[in-house]
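I opened a new model today.

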Amino acid sequence: MLISSNIADERLTTAHRAKLAYVYVRQSSVNQVRQHQESTELQYRLVDRAIGLGWPPERVQVIDEDLGKSGAGGVDRHGFQKLIAEIGLGNAGLVVSLDASRLARNNRDWHQLLELCSVFGVLIADGERLYDPRAYHDRLLLGLSGIMSEAELHQLRMRLHQGERQKAARGELRLPLPGGLAYDRAGTIVLNPDEEVQARLHLVFAKFRELQSARRVMRYLDRNGLSLPAPRVGQNPPGMVT
């Protein structure tokens, strides 16, 4: 929940407002972007939070290149790296994010951000509070937020894996299948019932026997505008992908 009123804070100075405010927006996966649009919209509305703290709208920049990317650190987050670069160049006066988990899910990235903000005098704001990483108590709260964010991700993974193991023990675990295969109603793996998909697969193997090269097969398909079967994702029916 965002707090609409922004009480004047002595930590906010004209030097901060002379620089840009950056609103960082992130969702962990493409499915979350599609299915949890309220969260995404809430993050975009943080622009109003920056404006309420005294930044003109034209000096508030939104960084949303990391929509659909995990904050765990295993994936290149170009948006986060852009934010780090802007802070290091001295362009930022304020960083706004919904909470610590949006900015990072691992302590390495989180403490890198805190250290740079401390060195360059950048304030951090969420939907409720304003923090100065140079102040001891604010730095302590921010550090705890980062630790809790990383721990929360660990717990989410543990619950997910436990659920998968329980399904596997009951024989109900269904893993994604390669293109051309599907589960029937009994849960048996069978060839995709789509005749077009089957015909395309037969063509691919026939062309490989003829051309003796996967690269030549791909070139043949590309020249003729032919697509390949797409893997089944979730409950969506399998189809074709170029």
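My notes follow, starting with the ground rules.

**Ground rules.** This is a predicted model, so I use local features only at pLDDT of at least 70 and side-chain atom pairs only at pLDDT 80 or more, while totals for chains, interfaces and linings use all residues. I number residues from 1 along each chain as its sequence is written, and side-chain values use heavy atoms, without hydrogens and water.

**The sheet.** I looked up the strands (DSSP runs of E, at least two residues, numbered from the N terminus). I found 5 strands in an open sheet, in the order β2-β1-β3-β4-β5, with mixed pairing. Pairing needs at least two DSSP bridges between two strands. The edge strands are β2 (60-67) and β5 (130-131), and each pairs on one side only.

Next I checked β1 (residues 20-27) against β3 (residues 92-96). They pair in the parallel sense over 4 bridges. Tyr-22 stands opposite Val-95 in β3.

**The helix.** Helix α3 packs on the sheet and touches β1 and β2 (contact means heavy atoms within 4.5 Å). Which residues of α3 (residues 37-44) are buried? I noted Thr-40, Leu-42 and Gln-43. They lie on the same side of α3, because they cover an arc of only 160° around the axis. That arc is taken from the directions from the helix axis to the C-beta atoms. Buried means under 20% relative accessible area, exposed over 50%, and partly exposed in between (1.4 Å probe, protein chains only).

**One more residue.** Leu-228 is in strand β8 (residues 228-229). Leu-228 counts as partly exposed because its relative accessibility is 25%. Leu-228 and Gly-180 are 48 residues apart in sequence, and their C-alpha atoms are 9.0 Å apart in space.

Methods: Axes fitted to C-alpha atoms, helices over the stretch in contact; angles between N-to-C directions.
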